[in-house]
Amino acid sequence: MHRVERISNFLAIRRIKYGLLLLSALALISLLVLLFSPFDPTETSYYSLAKPLSTSSRGWPFILGTDSLGRDLLTRLSYAFYLDVGVGLVIITISGLIGLSLGLISGFIGGILDSVIMRIMDILISIPGFILAIAIAAALGSSLWNAIFAVAIVSIPIYARLVRGMVLSIKENLFVTAAYEAGVSSFRIMIKHILPHVMPIFITQASMELSNAILYVAGLSFIGLGAQEPTPEWGLMMSVGRKYIREAWWYPVFPGIHMFLTILAFNLIGDGIRDYLDPKRKLRS
Amino acid sequence: MIPLEIRNLNVDFRTLRGWVRVVDNVNLKINSDDEILGLVGESGCGKSTLGLAVSGLLPPNSRVTGEVLVKGQDVVQNPDSRKIAVIFQDALAALNPVLTIGEQIAEIYVYHKNMQKKDALEKTKKVLVEVGLPDNTIDKYPHQLSGGQRQRVLIAMALAMEPDLIIADEPTTALDVTVQAKVLQTLMSVVKSRKIPMIYITHDLALASQVADRIAVMYAGQIIEIADKYELFENPRHPYTKALLNSVPRVDRDIEELFIIEGEPPVPGNFPTGCRFHPRCPFAMDKCKQIEPGLVIFNKAMVRCFLYE
Amino acid sequence: MSSNGFFVRTINLKKYYEIKSKLLRKTIGVVKAVDGVSLEIRKGETLGIVGESGSGKTTLGMVLGKLIQPTDGKYLFNGMDITMEMPSSLKGKIRVVFQDPYSSLNPRLKIKDSLIEPLLALGYEEEEAINKAVEYLELVGLKKEHLNFYPHMLSGGQKQRVLIARALVTDPLLVILDEPTSMLDVSTQAQVLMLLKRIKMEKEITYVFITHNLAVARYISDTIAVMFAGQIVEMGNKKELFENPLHPYTKSLISAYPPPDPTVKWTPAIPDELTVKYFDDKCRYIDRCPLKTPKCEKGIPELIDVNDKHKVRCALYT
């Protein structure tokens, strides 16, 4: 049992290491490009339309080529990295905080409030996420912010249910009854006794949801409901680039690879953390 | 050939800090088939581990050295020759919740005794009656029985094995005191009538005085006193034994002051040097802090204490 | 309803739980956890409540500790009716010590935080609270250094001491202890029991000590109440009760304890039938009682005074 523990422990840490390595590499490259790129991500250039690895009129290299409007791809992708990841973080923060609060209230207070909240969550969950996101984004209008809003709403139930389940079981602990006995107010019990026990699993879930969030936004942008031109965003770039796949294959392909690597990095990290925190591992302590 | 002889038994567990000795050089005997040996101690003393070692149920991260001779056969060397039944404390955990009582007991007859199903069922009914359970228990599921009834089922399962030795590890600790009394009466009567030797593990010295014939007191992995039960109560030798006897409240008399043993029982891996009881012993001498006492043998008792050397 | 001069008085206290069917939420049954308990406790007295599992003693403890609202009856404390509400003047004056030291303390909080929590809830400033915490920590035999420990760094006995300190830190007048030593080793139990006795003398606290262990009750209590099926079946001054047990259940319970003396024969007088049925029209002990008479079928006997120190609920004595 001991040996198995140590092996899976090792694998988990390795996963986290590689994920972090990949992520830092991507982040660093994108940062350097953004700092030193001579190109403006939105400045179009008739002269440099859809060129592969080549040089611009001013002598700077288009390392990954340009898109259909003559904009340097590498610069745009670096921008997109921070944009998409940033958007993902915003989404998990919004949906996480809302889901956390709903889950806490629902689990702790119970009763009718709990039933109502959970039924709403059930409704949201029963509709396939992406379809629901499309519906909301379409209803609100095509913009990046609306896409963020839509994806956030769709993600709330996961957190709410997870947190509620945890609250229900943590609530049964004797130290919670003891806190109630000591005269601590319900609100403080929720914050001081229950929340700290919820946080580790909540954060793990949120970090795993990050890749999902990015994918959803990119997906919405891909079908035109999210980011709009000229915003450099992976989904949008792949969507527009599709048309040029024969003449300028680099246009849709590089964003795809870039996004894939980023998501892979986040997934490795998330899986590694989850495995590391696996309850079966609690044997060690 | 005596029913049980344990020679120089050591049990070590592998922990994050290396190997830790939990049972230290234990020597015990059961001299006749109708003898019940009581093994008494507080938590961390190693009594349950000793029971697991004898019955071969230790987890993989453990190491056993020494000999456990059951009817002359060393079961440490030949684990497959073991015919030892264990009665655990938690009957609900020990019973399969999706099988009826009848199925679980009959299983023992079918697999261990190679019986036909029909005969196994007959035997099952008989053994259930023997432990004081009604016929219809055969078709019941564990959760449908009361705690006391479940414990009786465990006793029946132990008997079904027709073992050379029974180890009962705190079999009634989780039960109400009235239920405990009845179940123990049943247990004692069946092992005596079937002449099966038993090791009875408990933290309750009073129970041991009523159930067991001889009592071994364990502390920090070692046997620190063994005596015939009358001898132990009339003339307790080890300071720990004396302290135990006097620190328990009684139903039959008023006690002004309980005897207090300062400190807490030590944890394996952190046993004191020399005599392991010395930090808590009111009679500790300098010698006790440095050298481990050996067993001093009397007529009807053995003690591990320098007060007697 | 007056207290009759008693510090704590309960009059016919009841706690019923309704069992509702899952689908239609209709009441299909009632669990009468506490069914008509009348207690009278003097200031500074220790009342031991003894009962087996399911007898209702823990629920009674929760009601006395004001953690659960009773379904019926009255709870009088120092002359005040606190059945429904706790007046703010009594905040922190009734405390409960729970059974399991291993799960009663939040494993993520330092001992310091667990100890000052009840004081903070009363409005103390953190610094004052810490000072008080240290005072009580030392009272229970622990050290100031332990403030910064986490629960897992303490032994079971030490954890239980922390729980006792946590209850005492608000200077309570009444402390309900629910099986405080059941999960402790024999030697640790002795230490904790002695500690409780010493504190009671120093601080003049009234204790309600709930336990399934009659021997522990005998040691620590002044008065003992025996509970069966949600009701007190015998209650009296300790000496009286043990020298002259009246109720067949009490006698059976006493006989169930093995004498710690191999020369004394253990003769438990335990009936075969051990299930508990909550009759309303006859004595609840009837199926187990070796002495039952036709009178026992005529309704639940009242708890009557046999003398000024001894009450019993049994048709044999009415």
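**A helix pair and its surroundings**

Modeller: Helix α5(B) passes helix α6(B) in a right-handed crossing. Handedness works like this: the near helix is turned from the far one by less than a right angle, clockwise for right-handed and anticlockwise for left-handed. Before going further, this is a predicted model, where local features need pLDDT of at least 70 and side-chain atom pairs count only at pLDDT 80 or more, while totals for chains, interfaces and linings use all residues. Residues are numbered from 1 along each chain as its sequence is written, with chains lettered from A and ligands numbered from 1 in the order in which they are written.

Now the geometry. α5(B) covers residues 147–160, and its axis comes within 10 Å of that of α6(B), crossing at roughly 15°. (An axis is a line fitted to C-alpha atoms, for helices over the stretch in contact, and angles run from 0 to 180 degrees between N-to-C directions.) That crossing makes α5(B) roughly parallel to α6(B); the label covers angles under 35 degrees, with over 145 being roughly antiparallel, 65 to 115 roughly perpendicular and the rest oblique.

Who does the touching? On α5(B) it's Gly147(B), Gly148(B), Gln151(B), Arg152(B), Ile155(B) and Leu159(B), and they meet Val179(B), Lys182(B), Val183(B), Thr186(B), Leu187(B), Val190(B) and Arg194(B) of α6(B). Being in contact means that two residues have their C-beta atoms, placed from the backbone, within 7 Å. Sorted by class, this helix pair brings together six nonpolar, four polar and three charged residues. Here Ala, Val, Leu, Ile, Met, Phe, Trp, Tyr, Cys and Pro are nonpolar, Asp, Glu, Lys and Arg are charged, and the others, Gly among them, are polar.

Zooming out, chain B has ten helices and twelve strands, counted as DSSP runs (H or I, at least four residues, for helices; E, at least two, for strands) and numbered from the N terminus. Its radius of gyration is 20 Å, close to the 19 Å from the globule rule for 309 residues, so chain B is as compact as a globular protein of that length. That radius is taken over C-alpha atoms, and the rule is 2.2 Å times the number of residues to the power 0.38. The C-alpha trace of chain B spans about 65 × 50 × 40 Å along its principal axes. For contacts in chain B between residues at least 6 apart in sequence, 64% join residues at least 24 apart.

How much of chain B is buried? It comes to 49% of the 309 residues, where buried means 20 or more other C-beta atoms within 10 Å of a residue's own, exposed 12 or fewer, and partly exposed in between, with C-beta atoms placed from the backbone. Asn8(B) sits in strand β1 (residues 4–15), and its phi is near 50°, a positive value in a residue other than glycine.
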